[in-house]
Amino acid sequence: MNTFIKVLLTILGVFVLLIASIALYFSDYSEKRKVKKYAEDTYGYDVEIKQLYRTGIGSDYEYVVFPKNHQHLEFKIILNPYSDTITDNHARALEADKALHKLDKVIPAIEDLGFQGPDYTNKEISILFSDETKKHALYLYTAAPIEMATFEKNELDRFFELQNLIKQSGAPITYVVVEDMREPADSSSILFYMEDVQSTNTKEDFLLQLKKANHGLK
């Protein structure tokens, strides 16, 4: 193959890559415009796009968005690349947001007990929701190590007050998970279901429910 043909093929390859890059850019721009227009037309939101999820080739485009004036209200707008249909989970996100507003009034007291949200939310406490199970979950973290052997002595009072605060808020939370902030190999966590502890009025009854849900507790 002579030099001229090699140069020609190289130029052609670069041209094809350039065209593909331009097409991809405008496709991405078009999809984002479609997402923003859908949010505005459907809910009256001017949204920011936080993230795009795709599980594989041909899968749906799942855009995580939030209104510019309400950053805590994150929801998904899902584009089907084949049928051009658009769906979302706004209703479920709105339920979780309403639950968080109820919890807001006791969050300072929860933080005073030494609990916080995860690092990826800048330690802000938030409520997670599942589209499949329709459950609301509260994930909290604590700097104090959770030692199962000494939990009743060192932590029961604090956790009992935590569940009391959640009850007082009236937030419809399905379950609570509290994990300590040690390295994953060393950390421990405590789980409790709000339905199970709803009628508990004493620390003894609360501890009994904790032992049912956490087999490591003695």
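**Loops, strand pairing and enclosed space in a predicted model**

Asp-84 lies in the loop that runs between strand E3 and strand E4, the latter spanning residues 86–88. The structure described here is a predicted model, and in it Asp-84 takes a positive phi of about 65° although the residue is not a glycine. Most residues other than glycine have a negative phi. A further case is Lys-123, for which phi is positive at about 70°, again in a residue that is not a glycine. Lys-123 is placed in the loop between E5 and E6, and with a relative accessibility of 40% it counts as partly exposed.

The protein chain as a whole contains seven helices and nine strands. Of its 218 residues, 36% count as buried, and the accessible surface amounts to about 13,600 Å², with 55% of that area belonging to carbon and sulfur atoms. When contacts between residues at least 6 apart in sequence are considered, 49% of them join residues at least 24 apart.

Strand E7, which covers residues 136–142, is mostly covered, with five of its seven residues buried. Pairing links E7 to several other strands, among them strand E5 (residues 115–116), which runs antiparallel to E7 and is joined to it over two bridges. Within this pairing, Phe-115 has Thr-142 of E7 as its bridge partner. E6 is likewise antiparallel to E7, and three bridges connect the two strands; here Phe-129 stands opposite His-136 of E7. E6 and E7 together form a hairpin in which six residues lie between the strands, and in the turn Lys-134 has a positive phi of about 60°. The pairing of E7 with strand E8 (residues 175–180), by contrast, is parallel and extends over six bridges. Thr-142, already noted as the partner of Phe-115, has Asp-180 as its bridge partner in E8. In a regular strand the side chains alternate between the two faces of the sheet.

Leu-128 belongs to strand E6 and, at 34% relative accessibility, counts as partly exposed. Apart from neighbours within four places in sequence, Leu-128 is in contact with Tyr-120, Lys-135, His-136, Ala-137 and Tyr-139. The C-alpha atom of Leu-128 is separated by 9.3 Å from that of Asp-97, a residue 31 positions away along the chain.

Empty space in the model was examined next. Rolling a probe the size of a water molecule over the atoms shows where such space is left. The largest pocket holds about 850 Å³ of space. Its lining is made up of 29 residues, of which Lys-50, His-72, Glu-74, Ser-126 and Leu-128 are the closest to the pocket centre. Two or more lining residues are given by each of strand E1 (47–53), strand E2 (61–67), strand E3 (75–79), helix H2 (90–104) and strand E6 (127–129). The largest share of this lining, four residues, is supplied by H2. By class, the residues lining the largest pocket comprise 13 nonpolar, eight polar and eight charged.

The structure also holds one cavity of 30 Å³ or more, and the space in the largest cavity comes to about 40 Å³. The largest cavity is lined by Pro-118, Tyr-120, Ser-126, Leu-128 and Tyr-139. Four of these lining residues are nonpolar and one is polar, while none is charged.

With neighbours within four places in sequence left aside, Ser-169 is in contact with Lys-102, Leu-103, Lys-105 and Val-106.

Note on methods: Residues are numbered from 1 along each chain as its sequence is written. This is a predicted model: local features need pLDDT of at least 70, side-chain atom pairs count only at pLDDT 80 or more; totals for chains, interfaces and linings use all residues. Side-chain values use heavy atoms; hydrogens and water are left out. On a 1 Å grid over the protein atoms alone, a cavity is a set of points where a 1.4 Å probe fits but cannot get out, and a pocket is an open set with protein on both sides within 12 Å along at least five of seven lines; lining residues have an atom within 4 Å of a point. Grid points are joined across faces, edges and corners, and a volume is the space filled by probe spheres set on the points. Ala, Val, Leu, Ile, Met, Phe, Trp, Tyr, Cys and Pro count as nonpolar, Asp, Glu, Lys and Arg as charged, and the others, Gly among them, as polar. Buried means under 20% relative accessible area, exposed over 50%, partly exposed in between (1.4 Å probe, protein chains only). Contact means heavy atoms within 4.5 Å. Accessible areas come from the Shrake-Rupley method with a 1.4 Å probe; for residues, only the protein chains shown count as cover. Two strands pair if DSSP finds at least two bridges between them.
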